[in-house]
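Reader: I have a structure open and want to go through some of its side chains. Can you walk me through them?

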Amino acid sequence: MSDEPESRVDLSGEKIHWDPEGGLTYGSYLALDQLLSAQRPKSSHHDEMLFVVIHQVTELWLKLSLHEITAVLHQLETDELDPAFKMLSRVARIQGQLIQSWDVLSTMTPFDYMSFRDELQQASGFQSYQYRKLEFLLGNKNRALIEVHRGVPSIYEELEAALVRPSVYDETLRVLSRRGLAIPAHCIERDWSEPYEPHPEVEAAWLSIYRDPKQYWDLYELAEKLVDLEHKFQQWRFAHMKTVERIIGRRRGTGGSSGVSYLQKVLQLSFFPELWSVRTVI
């Protein structure tokens, strides 16, 4: 018997469907003909394909995140917390994938990017309506940010609907109130299009939960799922900022923002402020 390794895998007995019946294949199920033909770089520079693919994949992950967060909102509205835990964990793991994408993009040098940057004209990630919708649903409300989409009525209306509805944190505070915790009325009945303002009584409610997790176990778990999600989201924001700094330095963004300076300001935003401040007083 030869000690040489097999040059190919033995497929006998595997019962592989070489010609699938019914017409559905892996490629048709995933619409790969459309998906893989959607990469259309504007230049002949090698690295533009990387740039396009990274951003397209990001939009797919954002689509899944929105799918999950929309379901989370429904679960919170109906006080069904257990299914929401899995969904929140999934979105946090998606953020982990998005963080890794910056590592791949950072293999592009400043020279590589500047070789095709002018081809982007004023197109920018700042215009990602899926990202904006996700931030609105998580709680970062800022009406001014939808103005860039006014020229596309369907997207503008979708973002406005997300802007004026309660966010994940708003619905979470409503859950706490229904459980008998002292949440100020103006925190759970307000103009949802305005940014949430932290309140000491809300921090006190979270403190009660953290000090007695046995009594409030599901609320305690909800708190940690939200913290985990925001932790990952902030890591994504930081990786975004450092990747931009690494590639374009302090140049202004193609969408008109100040670039790195703007991204540094965004790092100061918090979706669930009392869940962070309560850690100081526990």
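Reader: What does the side chain of Glu-48 reach?
Author: The backbone nitrogen of Lys-42, at 2.8 Å. Keep in mind that this is a predicted model.

Reader: Where is Glu-48 found?
Author: In helix α3, which covers residues 48–77.

Reader: Which residues is Glu-48 in contact with, leaving aside neighbours within four places in sequence?
Author: Pro-41, Lys-42, Ser-43 and Phe-116.

Reader: On to salt bridges. How many does the structure hold?
Author: It holds 17. One of them is formed by Arg-90 with Glu-68, where the closest N and O atoms are 3.0 Å apart. That pair links distant parts of the chain, with Arg-90 in helix α4 (residues 81–105) and Glu-68 in helix α3, 22 residues apart.

Reader: Are those two buried or exposed?
Author: Glu-68 is buried, at a relative accessible area of 6%. Arg-90 is partly exposed, at 35%.

Reader: What about Asp-218, which side chain does it meet in a salt bridge?
Author: Arg-179, at 2.7 Å from N to O. This pair also links distant parts of the chain. Asp-218 is in helix α11 (residues 217–248), while Arg-179 sits in the loop between α8 (168–178) and α9 (185–188), 39 residues away.

Reader: And why does Asp-218 count as partly exposed?
Author: Because its relative accessibility is 22%, and partly exposed starts where buried, under 20%, stops. Arg-179 is partly exposed too, with 37%.

Reader: Where do Lys-232 and Asp-228 lie?
Author: Both are in helix α11, 4 residues apart, about one turn of the helix. Lys-232 is buried at 18% relative accessible area, and Asp-228 is partly exposed at 22%.

Reader: Which residues are joined with them into one network?
Author: Arg-93. Salt bridges with shared partners join Arg-93, Asp-228 and Lys-232.

Reader: Different topic. Which residues form the nonpolar patch on the surface?
Author: Val-9, Leu-11, Ile-16 and Trp-18, with about 480 Å² of accessible area together. Ile-16 lies in the segment before α1 (26–29), and counts as partly exposed at 38% relative accessibility.

Definitions and conventions: Residues numbered from 1 in each chain as written. Predicted model: local features only at pLDDT ≥ 70, side-chain atom pairs only at ≥ 80, totals over all residues. Heavy atoms only, no water. Helix = DSSP H or I, 4+ residues; strand = E, 2+ residues; numbered from the N terminus. Polar contact = N/O pair within 3.5 Å; in protein donor to acceptor, adjacent residues only side chain to side chain. Contact = heavy atoms within 4.5 Å. Patch = residues over 30% accessible without salt bridge, like charges linked within 9 Å, V, L, I, M, F, W, Y side chains within 5 Å. Areas by Shrake-Rupley, 256 points an atom, 1.4 Å probe, with all protein chains shown as cover. Salt bridge = Lys/Arg side-chain N within 4 Å of Asp/Glu carboxyl O. Buried < 20%, exposed > 50% of the residue type's maximum accessible area, 1.4 Å probe, protein only.
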